[in-house]
Amino acid sequence: MKIQLTTFFFTLLCFALIAQTPSIKNSPPLSPSEPEEAGMSSERLSKIDGMFKNAITANQIPGAVALIARNGKIIFYKSYGMADNQSKKAMEKETIFRIASQS
């Protein structure tokens with residue numbers, strides 16, 4: 001019974017991996033663009049700065065990275081605050097986030 005269950009989950013995992021492959025191969029890489037070229041407003045996107053800065057000042061979050069893309073174009077990409085408060089390491093766009101269980 002244990003071998004059958006393991007085989008079932010392995011097969012399920014394989015199907016999940018195969019299902020994702022075509023979308024990865026057909027998706028072009030994102031490229032930077034001006035918000036207006038993608039039908040967005042620079043003025044409205046600039047309000048995101050205040051939202052993150054207020055959350056950091058209120059100690060709700062230590063830092064964040066925000067990326068907004070539309071129609072394959074990156075129209076907003078910024079980092080805010082600290083990646084590590086103890087070592088005073090600033091958040092960078094390429095900072096890797098370790099995410100544990102979210103349930």
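Begin by selecting N71, which at 66% relative accessibility counts as exposed, where exposed means over 50% relative accessible area, buried under 20% and partly exposed in between, computed with a 1.4 Å probe on protein chains only. Before going further, note that this is a predicted model, in which local features need pLDDT of at least 70 and side-chain atom pairs count only at pLDDT 80 or more, while totals for chains, interfaces and linings use all residues. Residues are numbered from 1 along each chain as its sequence is written, and side-chain values use heavy atoms, with hydrogens and water left out.

The phi of N71 is near 55°, a positive value in a residue other than glycine, and the hairpin to which N71 belongs has two residues between its strands. Most residues other than glycine have a negative phi.

Now show β2 (residues 63-70) together with β3, which pair in the antiparallel sense over eight bridges; strands are taken to pair if DSSP finds at least two bridges between them. Within this pairing, select I68 and look across to F76 in β3, which stands opposite.

K88 is exposed, with a relative accessible area of 67%.

**Strand β1 and S33**

Next select β1 (residues 31-32), which runs parallel to β3 (residues 73-84) and is joined to that strand by two bridges; the partner of S31 in β3 is K73. Moving on from β1, select S33, found in the loop between β1 and α2 (42-45), which counts as buried at 14% relative accessibility. The side chain of S33 makes a polar contact of 3.1 Å with the side chain of E37, a polar contact being a pair of N or O atoms within 3.5 Å, of which, within protein, one must be able to donate a hydrogen and the other to accept it, with residues adjacent in sequence counted only if both atoms are side-chain atoms. Leaving aside neighbours within four places in sequence, S33 is also in contact (heavy atoms within 4.5 Å) with K73, I74 and I75.

**The nonpolar core and its ring pair**

Finally, select A38, L45, I48, F52, A64, A66, I75, F76 and Y80, the nine residues of the largest nonpolar core, meaning a set of buried Ala, Val, Leu, Ile, Met, Phe, Trp, Tyr and Cys residues joined through side-chain atoms within 4.5 Å. Here α3, β2 and β3 each supply at least two residues, and β3 gives the most, with three.

Which residues does A66 touch, not counting those up to four places away in sequence? They are F52, F76, Y77, K78 and Y80.

Two of these, F52 and Y80, have ring centres 4.9 Å apart and planes at 20°, so the pair is stacked; Phe, Tyr and Trp rings (for Trp, the six-membered ring) pair if their centres lie within 6.5 Å, with planes under 30 degrees apart counting as stacked, over 60 as edge-to-face and the rest as tilted. F52 lies in helix α3 (residues 47-57) and Y80 in strand β3, so the pair ties together parts that are 28 residues apart in sequence. F52 is buried at 16% relative accessibility, and Y80 is buried at 6%.

Note on methods:
Helix = DSSP H or I, 4+ residues; strand = E, 2+ residues; numbered from the N terminus.
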